[in-house]
Amino acid sequence: MDGKKITLKDIAGRAGLSINTISRALKDKEDIAPATREVIKTLAKEMGYVGNSVAGSLRSGHTRTIAVIVSDVANPHFGIMVKDIEQAARKHNYTIFVINTEEDNELEERAIHTAISKNVDGIIICPAQSSTENIEFMKRNGIPFVLIGRRFNDETDYDYVICDDEKGGYLATKHLLDNGHERILFLNGRNRISSAQERYMGYKRAHEEAGLTVDPLLVKEVGYEPGDTRKTVKMMVENESFTGIFAFNDVIAWEAMYVLQMMGCRIPEEYAIIGFDNIHSRMFVPFPLSSISSSKGEMARRALDILLRKISEPNEKKSYREVVDTTLIWRVSTIGNNEN
């Protein structure tokens, strides 16, 4: 049968059984004897049979697929989170597909339209936050969705799972302050992003607690294009006095470390650096980076659990607003030696 798609009829003909028996056996229906099911499954595999999920979804109303929309899966933070979502989804017999937005509102809109056109059962999205327009579109469409990593203000009723960004910003800044760094460069994300706003709030609270005033010249918004951080750090080293760096995420922190080392600076002797996301917990890099840790696995599992609840109970009115704790993990980029 080379070149021809194998059907239930083909398997039935080879097995000498009815199409209905073949179908029920492949669906593990208990009215078919276990031994018969096993024989039919083996035969189907040998013949190269693949079930028609579209036909099944038309009958059930569900495709058992979920779209995960993130800004950049090349960032290890998102890559790890997507993997955790996929593993959790697999346990519930769901398949995911991933779409990047590059923090672009139009690409995000296109991603949402693509996901809905594929008849996904739901969407997990880390929003670009240029506006609420794309989120409102999902709401009007009726597609179940959950925000992950970012949230809008309390006036909206969007479900979300985030980490405690304000606490994380506070812990990172306090760690540097406690180790004698009174002038701390904050390489923040884009100001429109909730996590950037909340991490700045933590940065500011730590300063106020220490009796210090935030120097606005030491708070810089950096973009996501390669080289943006390098340009900013080089300019700041040449024009401002500081000894500590708190980076919005580990990728920005690594780029800052790179340019400082290229300039002949020593870490942590001259500049102490701390990031956010604790990517080092999942992948080892040559120079361990102090970082703020939040459980990406917990965030992924909770976001998926909420989404599956919304899929199975579409009329439920409960709101989900979950905040996962953050902790400080210090390594040699800020102080001494640590095996974490």
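1. Of the 340 residues of the chain, 48% count as buried. The model under review is a predicted one, and every value in this note is to be read with that in mind. The accessible surface of the chain amounts to about 17,100 Å², and carbon and sulfur atoms contribute 48% of that surface.

2. The overall architecture may be described next. The secondary structure consists of twelve helices and twelve strands. The C-alpha trace spans about 80 × 45 × 30 Å along its principal axes. Among contacts with a separation of 6 or more, 67% are made by residues 24 or more positions apart in the chain.

3. As to charge, the chain carries 44 positive and 49 negative side chains. The centres of these two sets are 7 Å apart.

4. Helix 3 deserves a detailed reading.

5. Which residues of helix 3 are buried? They are Arg37, Ile40, Leu43, Ala44 and Met47. These residues cover an arc of only 130 degrees around the axis, and therefore they lie on the same side of helix 3. The other side of helix 3 holds the exposed residues Pro34, Ala35, Val39, Lys45 and Glu46. One further residue of helix 3 is Thr36, which counts as partly exposed because its relative accessibility is 30%.

6. Against what do the buried residues of helix 3 pack? Their partners are helix 1, residues 8-15, and helix 2, residues 19-26. The view from helix 2 may be set beside this. The buried residues of helix 2 are Thr21, Ile22, Ser23 and Ala25, and the elements covering them include helix 1 and helix 3.

7. Just after helix 2, Asp28 has a positive phi of about 60 degrees. Just after helix 3, Gly48 has a positive phi of about 85 degrees.

8. Two loop residues also have a positive phi. Arg64, which is not a glycine, shows a positive phi of about 55 degrees. Arg64 belongs to the loop between helix 4 (53-60) and strand 1 (65-70), and it counts as partly exposed because its relative accessibility is 37%. Asn93, likewise a residue other than glycine, has a positive phi near 60 degrees. Asn93 is located in the loop between helix 5 (76-91) and strand 2 (95-100). Is Asn93 buried or exposed? With a relative accessible area of 60%, Asn93 is exposed, because the cut-off for that class is over 50%.

9. Pro268 is placed in the loop between helix 11 (250-262) and strand 9 (272-276).

10. Glu108 is part of helix 6, which covers residues 105-117. Its relative accessibility is 0%, so Glu108 counts as buried, the cut-off being under 20%. What does Glu108 touch, leaving aside its neighbours within four places in sequence? Its contacts are Thr101, Ile125, Cys126, Pro127, Ala128 and Asn134. For one of these, Ile125, the C-alpha atom is 9.4 Å from that of Glu108, at a separation of 17 residues along the chain.

11. Gln197 lies in helix 9, residues 194-209. Its relative accessibility of 40% is the reason why Gln197 counts as partly exposed. Leaving aside neighbours within four places in sequence, Gln197 is in contact with Asn191 and Arg192.

12. Gln197 and Phe276 are 79 residues apart in sequence, with 14 Å between their C-alpha atoms. Thr36 and Met263 are 227 residues apart along the chain, with 71 Å between their C-alpha atoms.

Notes:
Residues are numbered from 1 along each chain as its sequence is written. This is a predicted model: local features need pLDDT of at least 70, side-chain atom pairs count only at pLDDT 80 or more; totals for chains, interfaces and linings use all residues. Side-chain values use heavy atoms; hydrogens and water are left out. Buried means under 20% relative accessible area, exposed over 50%, partly exposed in between (1.4 Å probe, protein chains only). Helices (H or I, at least four residues) and strands (E, at least two) are DSSP runs, numbered from the N terminus. The arc is that of the directions from the helix axis to the C-beta atoms. Contact means heavy atoms within 4.5 Å. Accessible areas come from the Shrake-Rupley method with a 1.4 Å probe; for residues, only the protein chains shown count as cover. Lys and Arg count as positive and Asp and Glu as negative; His and the chain ends are not counted. The place of a charge is taken as NZ of Lys, CZ of Arg, CG of Asp or CD of Glu.
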